[in-house]
Amino acid sequence: MSRPSVLFVCLGNICRSPLAEAAFRAEAMRIGLEVKVDSAGTGDWHVGQPPDRRAQATALRNGVDISGYRGRQVTPEDFRRFTHIVAQDRDNLSNLMRMRPRDAIAELSLMLEHAGRPGESVADPYYGDEEDFDVTWWDVTRAAEGLARRLSIRD
Ligand code: 4NP
């Protein structure tokens with residue numbers, strides 16, 4: 001099968017999906033998985049902006065610098081360019097299903113499915129505090145490990 005490519009999606013692309021992207025990049029590198037990775041938001045409020053300061057701090061505490069990431073919005077083209085699109089919550093997933101073009105190739109999934117928690121959403125830490133961002137990091141890391149493992153054993 002061709003090289004996999006994964007797009008992580010949340011609402012604003014400044015908290016959860018950049019952390020998911022960071023955790024997955026780190027895990028893919030750790031296990032030697034060659035994969036294209038990006039993240040995007042269903043909303044457009046933070047296009048061109050760096051991740052939320054608290055998300056940057058959380059990633060840095062865990063050894064990853066995400067200060068260079070910039071927000072962008074999901075496009076129909078993403079469904080043809082990525083093999084996997086991973087929604088952080090159920091609202092993101094239903095929005096993605098609605099905008100999915102007929103010739104999409106991307107497989108849609110919910111992030112925590114890959115952590116053995118089907119149907120669960122990664123909680124939005126935007127209105128929370130540092131501890132909420134730690135929970136987000138924990139959740140996206142467990143899911144990133146599961147997804148990376150799955151992609152590394154497929155043919
Ligand atoms: P994210 O969090 O979807 O995890 O990036 C949010 C960021 C911004 C907003 C909501 C959620 N907002 O309403 O601007």
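Two residues are in contact when heavy atoms lie within 4.5 Å of each other. With residues up to four places away in sequence left out, H114 touches V86, S109, R142, A143, G146, L147 and R150. The model here is predicted, so to speak a computed picture: local features need pLDDT of at least 70, side-chain atom pairs count only at pLDDT 80 or more, and totals for chains, interfaces and linings use all residues. Residues are numbered from 1 along each chain as its sequence is written, and side-chain values use heavy atoms, with hydrogens and water left out.

H114 sits in the loop between β4 (107-110) and α5 (130-153); helices (H or I, at least four residues) and strands (E, at least two) are DSSP runs, numbered from the N terminus. With a relative accessible area of 12%, H114 is buried (under 20%; exposed is over 50%, partly exposed in between, with a 1.4 Å probe and protein chains only). Its side chain makes a polar contact with the side chain of S109, at 2.9 Å. Such a contact is a pair of N or O atoms within 3.5 Å; within protein, one must be able to donate a hydrogen and the other to accept it, and residues adjacent in sequence count only if both atoms are side-chain atoms.

Now for the rings. A charge counts as over a ring if NZ of Lys or CZ of Arg is within 6 Å of the ring centre and within 35 degrees of the ring normal. R142, one of the residues touched by H114, has its charged end over the ring of W138, 4.0 Å from the centre. K36 likewise lies over the face of F82, 4.7 Å from the ring centre.
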